[in-house]
Amino acid sequence: MGPNAALLFGGPLTSLPGIVGALLVLLLVIVVGRIVLALAWRVVLIALGLAIVLWLLGAVGIIPV
């Protein structure tokens with residue numbers, strides 16, 4: 001393999017603008033992912049609490065399940 005083989009395998013990630021662009025895209029994915037996961041956890045916890053409350057009301061006989 002010659003010295004130009006890295007350019008063939010690395011593609012745009014062998015230049016500084018390509019590396020910076022890839023890191024910016026990775027940062028965007030991480031930030032958006034954190035926001036979505038934080039929201040998803042809240043939704044799951046609210047649904048779990050609601051399910052437990054409905055189950056308890058059904059067990060006591062207040063509402064038919």
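Helices (H or I, at least four residues) and strands (E, at least two) are taken as DSSP runs numbered from the N terminus. The model is predicted, with local features requiring pLDDT of at least 70 and side-chain atom pairs pLDDT 80 or more, whereas totals for chains, interfaces and linings use all residues. Residues are numbered from 1 along each chain as its sequence is written, and side-chain values use heavy atoms, without hydrogens and water.

The secondary structure of the protein consists of two helices and zero strands. Just after H2, Gly61 adopts a positive phi of about 100°.

Of the 65 residues in the protein, 3% are buried, a term that denotes under 20% relative accessible area, with exposed being over 50% and partly exposed in between (1.4 Å probe, protein chains only). Leu56 counts as partly exposed because its relative accessibility is 44%.
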